[in-house]
Amino acid sequence: MSSERLTLHHFAHARAGDKGDRLNLAVFVYQPDHYAWLLEQLTEERVATLFSHRGVTQVRRYPMPNLHGINLVLDDVLQGGVNGSLNLDGHGKTLSFMLLSMLVERPALTVTC
Amino acid sequence: MTVVIGCGAGFSGDRTDAAVPLVETLLTYDTPCALMFETLGERTLAAAQLRRIEDPQSGDEPLLEAFLSPVLGDCLSANITVLGNFGAANPEAAQRRVAALARTSRFPEVKLGVVSGDDVRDRLETLEWSAWEGERRELPSGSSVVAANVYLGAESLVEALQRQAQVVITGRVADPALALAPLCHHHNWALDDWDRLAAGALAGHLIECGAQVTGGYFADPAFKDVPDLAELGYPIVEVERSGRLVVTKPPGTGGMVTEQTVREQLLYEIHDPSVYITPDVVLDLTHVEIRQVGRDRVVVSGVRGRPRPETLKTTISFLDGFQGEAEISYAGPNALARARLAREILQQRLTKRCPPDLRSRFDLIGVSSVFDGDSEAWRGASAGAVDDVRLRLAVEHEQREVVELATQELLALYCCGPAGGGGVRRYHKPRLKTASYLVSREQVHPKVTIYQGDSIYE
């Protein structure tokens, strides 16, 4: 198997949503047969590591095989949320692309051009 | 029978011409239709309440005429029900404005349903509260509270429709209720038919952010291309009595409805997908199937419903200190070094001049900002040639003077900072924060008033 590392962005798309200081990141693979691979790559631990500099206190992962995706719920990552944050993006709307910047192992059976 | 709902706005700042092609399309259906506008974000209502405190006649959606006037006459002519939470902090003010608009559209006899009872600001001390989800915050003190509103369900909106309202004006309601209400009304769904209610609430959830399900907030060039974003079609959902639903959009408009756009919106702002709580029903999304059945036509099926919760979410907004922002730009040779020097100077000045409880953060825009934490622990793009860097200071403190003193230190960089700084901007504002709690259903008393034009009808 190749050990080449690419960003998750090549294989998945994502959208962020916020309520209070809780962020959800819904992430979906483009190719349904990458779903098992996504589950391997996107563990709660790896997501927590990626957002550790934001003070995340908990990551919960909800696999959604019916959608070929995962819903990730991150607590306290918004540093006060849309109300209390000093960040330009208090909603955390841009953070879907921070998730997609994660380096991943290339899926074993990918057919790419 | 199918009931068709269009959504003409997904937030208060949305495009105001989006409803026109929606209504043109709704006019082609030979079946009951409704048009909803969702214009009330978490803090929008608090901002509206602040406006009402200054002017008791205001506090409703400022863009109400801009959203409604292009389509209200056509909707009233064709029996297309209009529902909107553009009442915000003052549904009666919105009712007067809609009545005036209807008069100019030659519908002076229009029946308007106003839903109130969501505003519990005067009952904060007497209601019994419990914590919402993970939040642990103490109830804010009375004097700082700007707004306190319960998320009402579809029940009162259904009542307004049963009492012949042609336009339903609300303050805070759960966003999906704006679609669920006309579905319950026309399909005669019982308010404990949980699977049907779940399908109706899901229909509302999918369209309540407007174009976010039709290709808006989706484009990523070369990865996810979306045609004609400048002319995005806003969503239409066709819902059968069984609960089967199709998401689509007006023909000839930009954007697209695909399995991908629908699934991104399906989980938008969702936490546990097996327990999506609305005031009307608890949805289980874990068995939802999404299937493309035609161009810009996607079927969503398999949602399951469980009994509605006994508690209702209430969001309280309160004033808490002041926020200041200030920015300055450095460009050209050695720009990043000069911006970093400016930041260092500012840090020293704030330490010397401001109290230690001043919260602050610095961004080097063009280098690192939105991904980073307040402590700048990340600085993902620390290397590389950068030739246009904007240093941003953001501060928070309970006293306005402290905040102004801090941002003035950035302004002073004009003369005291590194070479070539320019383009300073400063902003100050009171901080409006929100916290959410739960209140038991029986403590909340929604009320429906039907007006005919400007007068109370019944």
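**Exercise 1. Determine how many residues of chain A and of chain B meet, and characterise the side of chain A that touches chain B.**

Step 1. Contact is defined by C-beta atoms, placed from the backbone, that lie within 7 Å. By this criterion, 30 residues of chain A are in contact with 41 residues of chain B.

Step 2. The model is predicted: local features need pLDDT of at least 70 and side-chain atom pairs count only at pLDDT 80 or more, whereas totals for chains, interfaces and linings use all residues. Residues are numbered from 1 along each chain as its sequence is written, and chains are lettered from A and ligands numbered from 1 in the order in which they are written.

Step 3. On the side of chain A that touches chain B, at least two residues each come from β2 (12-19), β3 (22-29), β4 (58-64), β5 (69-75) and α3 (81-84) of chain A. Helices (H or I, at least four residues) and strands (E, at least two) are DSSP runs, numbered from the N terminus.

Step 4. By class, this side of chain A holds ten nonpolar, 14 polar and six charged residues. Here Ala, Val, Leu, Ile, Met, Phe, Trp, Tyr, Cys and Pro count as nonpolar, Asp, Glu, Lys and Arg as charged, and the others, Gly among them, as polar.

**Exercise 2. State the strand order of the open sheet of eleven strands in chain B, and identify its edges.**

Step 1. Two strands pair if DSSP finds at least two bridges between them. The order in chain B is β12-β13-β9-β8-β1-β2-β3-β7-β4-β19-β20, with mixed pairing.

Step 2. The edges are β12 (289-294) and β20 (455-456) of chain B; each has a single partner strand, so one side of each lacks a neighbour in the sheet.

Step 3. Within the sheet, β1 (residues 2-9) and β2 (residues 33-37) of chain B pair in the parallel sense over five bridges. B:Ala9 has B:Phe37 as its bridge partner in β2(B).

Step 4. Helix α8(B) lies across β1, β8 (236-240), β9 (245-248) and β13 (297-301) of chain B, at about 175° to β8(B). Axes are lines fitted to C-alpha atoms, for helices over the stretch in contact, and angles run from 0 to 180 degrees between N-to-C directions.

**Exercise 3. Describe the open sheet of three strands in chain B and the helix that lies across β11 and β14 of chain B.**

Step 1. The order is β10-β11-β14 (chain B), and the pairing is antiparallel. β10 (276-277) and β14 (304-306) of chain B are the edge strands, pairing on one side only.

Step 2. Strand β11 (residues 282-284) of chain B is joined to β14(B) by three bridges. B:Gly305 in β14(B) is the bridge partner of B:Leu283.

Step 3. Helix α8 (residues 194-207) of chain B lies across β11 and β14 of chain B, running at about 115° to β14(B).

**Exercise 4. Which residues form the contact of α10(B) with α11(B), and how do these helices cross?**

Step 1. Helices α10 (residues 335-353) and α11 (residues 400-411) of chain B pack at about 150°, with axes 10 Å apart.

Step 2. The crossing is right-handed, a term for a near helix turned clockwise from the far one by less than a right angle.

Step 3. B:Leu346, B:Arg349, B:Leu350 and B:Arg353 in α10(B) meet B:Leu405, B:Ala406, B:Glu409 and B:Leu410 in α11(B). This contact comprises five nonpolar, no polar and three charged residues.

Conventions
Contact = placed C-beta atoms within 7 Å.
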